[in-house]
Amino acid sequence: MIQNLKFHLPDDHDEKQFIRQLADQYVIKKAPAVADKIAFYDTFDWRLFQKSLVLYSSDNRLYLRKLSKNEPLESIEFSKAPVFIWDFVDSHLKTKLAPIIKMRALLKLVEVSSRTTPYRILDAAEKTVARLVYEALYLPRKGSTPALANHLWLKPVRGYPKYARQLAKSIKAAGLTVSTEKELLIKALASAGKQPGSYSAKVNIQLDPAMRSDQAAKEVLHFLLDVMRTNEAIFDKDLDTEVLHDFRVAIRRTRSALAQIKNVFPARTTNRFKKDFKYVGQLSNALRDLDVYLLSQDAYKTMLPHDLRDDIDPLFRHLHQKRTKAFQQVRRGLKTKKYAKIIKDWEAFLNQPPPDSAAVENATLPVVVLARQRIYKRYRAIVKTGNKILANTEDEMLHALRIECKKLRYLMEFFATLFPRKKINVLIGQLKKLQDNLGDFNDLCVQQDYLLDISTELPADQENIKRALVAIGSLVQTLNHNKQSVKKAFASIFTQFAAPENQQLFKELFSPKARKSNS
Amino acid sequence: MTTLAIFSNKGGVGKTAAAVNLSYLAARAGAKTLICDLDPQGSATYYFRVKPKLKSGPKGFVKGAKGVYKSVKGTDFDNLDILPADFSLRKLDILYSKFGNSKKQLKLMLYPFACEYRLIILDCPVTIGILAENILTAADYILVPMIPTTLSVRTFNQLLAFAKKKRYDAAKIYPFFSMVDRHKKMHRELMLNVLKGFRRVLPSFIPYLAQIEKMGIHRAPVPAFAPKSVASKSYQNLWDKVEHNILSSHG
């Protein structure tokens with residue numbers, strides 16, 4: 001099939017004259033010019049852009065296309081711009097977006113005004129056999145703004161290739177060239193002063209293996225501080241649950257880095273900020289819990305028997321009310337002097353140049369050496385604890401193992417660029433499977449307790465609340481059942497994680513002894 | 001891909017009008033749609049201003065879709081292509097009967113279109129022979145326009161009996177009322193009776209309207225030239241029911 005062709009329009013191009021010329025050879029019908037706005041959407045962390053996808057709206061339709069491609073993959077009619085995936089009508093577009101944007105909100109990135117003048121080329125039966133479309137794109141601003149782009153599109157109609165070929169020839173003969181312009185989204189974003197992909201909560205820190213450990217640690221911590229700040233700055237807007245989540249993960253990673261990248265800073269400093277960030281993290285514990293329960297509303301409902309599904313609604317209404325309060329609490333917490341001082345002092349510390357003579361043991365050690373030490377130690381500890389659990393699976397020990405795994409995961413992510421990418425990614429993948437299992441187990445435990453606690457907050461004298469309590473009871477039962485099956489799955493998942501091949505790979509990458517004997 | 005046949009073993013019941021308007025509405029709602037004009041009279045093809053000519057001739061309908069594929073034309077509307085009719089399609093029944101796998105030929109022919117189109121609408125000629133069996137095999141759902149008259153209901157029952165006798169799944173046959181004159185008492189009474197007796201009747205109907213006949217003058221689907229008309233709304237309503245009661249509830 002013939003693709004649409006986009007021609008670049010020089011400034012001195014005369015549309016009327018050009019069409020008049022073509023009219024000697026073709027029957028041309030002009031349609032009224034259409035003014036439209038093209039709005040581009042993505043999540044705050046550019047999830048669509050990361051997948052080379054572009055979501056945009058134009059003329060009451062929402063389209064999804066590949067970056068730098070013209071043909072949309074999917075489209076739907078829409079009246080109000082959807083924000084969350086659950087706002088979309090069931091459609092192929094929704095199915096495609098769901099696993100990518102998940103629970104993140106879609107934000108309007110930039111809006112481009114377009115003015116198109118379509119001309120239809122007709123055959124003897126007045127059937128459209130090709131289209132020519134003049135298109136001018138510009139950023140909607142007050143006053144006159146230079147156009148982002150001026151194009152002439154040649155849009156062939158399937159089954160009439162001759163017309164398209166002839167027209168392409170005529171257009172080229174008039175001196176127009178096929179446009180090689182880059183993606184409109186990127187151009188529009190640049191004009192609006194935005195850079196795609198500028199934010200991601202994923203840890204990606206380029207480190208040099210020979211770098212001093214204290215300096216490397218500061219790089220990691222600085223990255224995390226940036227993530228914290230970026231999300232804190234938009235917290236008030238309450239876009240979605242992930243702003244807080246990213247903020248909290250950055251705090252948790254900071255705390256973990258302070259504890260795990262041992263002896264690179266003076267003990268007093270480390271202890272102070274460990275305490276400070278523990279405090280900052282606690283500010284939003286309650287809010288995050290509520291977010292998690294509200295996000296799993298649908299999942300909870302499907303766990304219930306059909307006739308109980310609506311009965312549980314009073315619980316979620318209650319949680320909603322609690323969330324509104326909790327949100328305001330966090331908002332206030334982030335505006336306190338105490339919080340501001342923590343962040344200010346922390347930044348000042350991170351910006352201090354490293355001391356010449358290190359008073360602490362690991363400060364001047366090449367970071368790759370310290371990274372190996374720490375990662376290998378954590379890994380061995382996990383294998384040891386895990387083996388104990390295999391012999392005797394206690395809930396508390398699973399909980400402890402989950403924490404240990406998290407520490408290891410963070411370390412591996414902080415230092416990922418120091419090791420062969422493929423190998424470390426395999427290991428992170430394996431670790432992730434184990435973490436998922438332990439995480440699920442933990443979530444189920446916490447959820448059970450939480451639901452039982454929260455049920456005491458509901459006024460039990462009302463009829464609908466009584467029904468809600470029955471539904472909660474049924475839910476707790478299901479959660480308990482799920483918990484047991486997750487627990488059962490642990491043994492095989494852990495055995496895979498601690499398999500000899502894996503141990504070997506960990507040893508190869510991280511063990512200080514293995515390195516010595518190799519070299 | 002879903003294949004929807006607009007089929008009736010009785011003529012002049014509004015098959016082509018339904019096929020043309022439904023395919024237009026489906027395409028407008030975002031589904032890449034192909035309308036196949038299987039009727040040698042080529043009315044759907046005419047409505048879309050396309051020449052009734054298959055490059056492959058009817059042979060493309062049995063040899064696999066290669067030849068047919070090249071005959072597909074874009075309509076004047078986004079997302080909507082047409083496989084035009086050809087006068088030689090009148091021989092399709094005879095052609096199919098010559099083949100071993102005679103009842104699956106149409107399904108095989110459509111198969112290569114599956115990756116490109118989300119919806120295929122078959123505008124069928126009046127038939128009850130091997131071509132009808134091909135349609136019953138190829139289509140996921142069969143929409144039968146039914147004028148609320150005794151004869152029309154009788155022919156519909158004949159179709160059901162035929163499907164049952166030949167062991168086709170009668171559950172995929174959905175009638176809807178077409179060319180309804182609500183001022184006629186008989187139309188109203190018959191509709192009530194059919195609605196009571198047959199639960200798969202789509203709860204929507206197309207009235208008898210001059211606007212629909214004007215499709216021949218405008219050579220376009222009704223919603224394209226008279227978007228606010230009653231006719232346009234009736235087809236939109238029918239399409240909503242097709243989407244909601246049939247397509248989305250069966251996946």
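**Exercise 1. Find where confidence in chain B is lowest and where it is highest.**

Solution. In chain B, the lowest confidence falls in helix α3 (residues 66-71), with a mean of 80. Strand β5 (residues 119-123) of chain B has the highest, at 97. These values are pLDDT, the predictor's confidence in each residue, from 0 to 100. Helices (H or I, at least four residues) and strands (E, at least two) are DSSP runs, numbered from the N terminus. Now take the whole chain: mean pLDDT is 91 for chain B, and 97% of its residues reach 70 or more. The model itself scores ipTM 0.86 and pTM 0.80.

This is a predicted model: local features need pLDDT of at least 70, side-chain atom pairs count only at pLDDT 80 or more, and totals for chains, interfaces and linings use all residues. Residues are numbered from 1 along each chain as its sequence is written, while chains are lettered from A and ligands numbered from 1 in the order in which they are written.

**Exercise 2. Check the length of helix α8 (residues 267-282) of chain A, then work out which residues are buried and where they lie.**

Solution. Step one is length. The expected span is 1.5 Å times one less than the number of residues.

Step two is burial. A residue is buried if 20 or more other C-beta atoms lie within 10 Å of its own, exposed if 12 or fewer, and partly exposed in between; C-beta atoms are placed from the backbone. In α8(A), F273(A), D276(A), F277(A) and V280(A) are buried. They cover an arc of only 95° around the axis, which puts them on the same side of α8(A). The arc is that of the directions from the helix axis to the C-beta atoms. An α-helix has 3.6 residues a turn, so residues three or four places apart point the same way.

Step three is the surroundings. The buried residues pack against α7 (241-260) and α12 (337-351) of chain A. On the other side of α8(A), A267(A), R268(A), N271(A) and Q282(A) are exposed.

**Exercise 3. Describe the contact between chain A and chain B.**

Solution. Count first: eleven residues come from chain A and ten from chain B. Contact means C-beta atoms, placed from the backbone, within 7 Å. Strand β6 (residues 72-77) of chain A gives the largest share of chain A's side, three residues.

Definitions and conventions: Contact = placed C-beta atoms within 7 Å.
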